[in-house]
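Good morning, and thank you for making time for this item. I would ask you to look at the structure on the screen while I speak.

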Amino acid sequence: MNGRQQKTGQDTYRQRDRAALEEQAGGQTFLWMTEKGDTNMDGQCQGLLEFILSPANLNEAYKQVKRNKGRGGVDGMQVEELLNYLQTRKDELITTLHEGNYKPQPARRAEIPKENGKKRLLGIPTVVDRVVQQAIAQQLSPVYERQFSASSYGFRPRRSAHQAVQQCQKYSNEGYRYVVDMDLEKFFDTVCQSKLVEVLSRTVRDGRVISLIHKYLRAGVMIDGRYEETPTGVPQGGNLSPLLSNVMLNELDKELERRGHRFVRYADDTMIFCRTRRSAQRVMASITRYIEEVLYLKVNREKTVVSHIKGVKFLGYGFYFNEKGCCIRTHSKSIAKMKAKIRELTSRSNGWGNERRKEALRQYITGWLNYFCLADMKNLLERIDEWFRRRLRSVIWKQWKRIKTKLRNLIKLGIPQQKAWEYANTRKGFWRTAKSPILQVSISNNRLRQAGYIFFSDYYKTVHHVN
């Protein structure tokens, strides 16, 4: 490269940095902003730590952590306190990171219940560590995006679970209807850290960054005030975890592509598509060996199965066939989970007021239907709505409590006095009474809508634009 070409390249970098800084100007900043705070990096990631610790990159990391909110880590510092800390101690933080003396604090252990009754173990870093992890992720993500497979959909920009499900449908319609439903046992907890570091080192040539990432992997967790080492695994809950999981499983993606397989991967859920059951069984055996002997991960032999596409559950969805080919449905387990949640939100003994219940139901129903909008379920939702409205009537009937209140409200809602008196004095249970013609007329569907309750089938029509 001659001198003029080199100068032009430097000017291009400066122009990009200036534009990035001008874009940042409207946001709250905790670091100085200068045009020397380059945010670009070359293809080999040389001097990567300088890009990670540039003012613009750290400032964007801070704002992302602030947007994500979340509870604090083991030091007790909350997101709201982060700005003041960084304003007063930014120089010390950056110096220790540059010199390699920074020591991440252990993550705070949190447990999230899973559908099978087990617990998902999360490691919540301190808010300061979240900023540093986010700064690393922001610089590494664009580099690895160029390496990641087109068949990988989880934790990636402009990719979604919906696209993954639709790709499964496409492969099935092309004749690949037998799948290896691959399940990795406790993936995040069992990742071989030395293997992950080896894979990272092929791309990230800055040893200081590799060392920093390794420190985060080995930072440990605090469980009820007791420190526990983390010699294996990638702790879920950190800002780096999604990227690191994709970096590790990209090795599996490349092997599947090398063998010419059609597959869809979302995080650690992988579906490999074959034309026949026998070929799927061969693939399952050979890929299991690769995962365990090369990637040092553990395959769950009980949950990893070969099945026709009709028999699998993927990201909450299921599949069925009609004259049009492979179609998408909501899996029965997802329906059961949804109904359990509705029972919880419409419990007659949770002490909630009507406004709180309406808002909780609205948020859950709209979120659920936005996620499952790919599924064909118009008739199913109409049946669910009948059950749902019965639960609402049961709640309202219990809220009326006293006989005088029931009598007065039934008459106000147009029920003849004699019938109102008869039902106000009924000894039938709440659930049975909720199905009575009297309550279906007095607490009608339209009155429930007018009161602010949202129904599944109504919102589904808006999502699907159907009549």
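Helices here are DSSP runs of H or I with at least four residues, and strands are runs of E with at least two, numbered from the N terminus. The expected span of a helix is 1.5 Å times one less than its number of residues. The model is a predicted one: local features need pLDDT of at least 70 and side-chain atom pairs 80 or more, whereas totals for chains, interfaces and linings use all residues. Residues are numbered from 1 along each chain as its sequence is written, and side-chain values use heavy atoms, without hydrogens and water.

I begin with helix α11, residues 277–293. Its 17 residues reach 24 Å from first C-alpha to last, close to the 24 Å expected.

I turn now to Arg156, in the loop between α5 and α6. Is this residue buried or exposed? Arg156 is buried, with a relative accessible area of 8%. Its side chain reaches the backbone oxygen of Ser152 at 2.9 Å, and a polar atom of that side chain lies 2.6 Å from the backbone oxygen of Ser149. Such polar contacts are N or O pairs within 3.5 Å; within protein, one atom must be able to donate a hydrogen and the other to accept it, and residues adjacent in sequence count only if both atoms are side-chain atoms. Leaving aside neighbours within four places in sequence, Arg156 is in contact with Glu145, Phe148, Ser149 and Asn246.

Terms used: Buried means under 20% relative accessible area, exposed over 50%, partly exposed in between (1.4 Å probe, protein chains only). Contact means heavy atoms within 4.5 Å.
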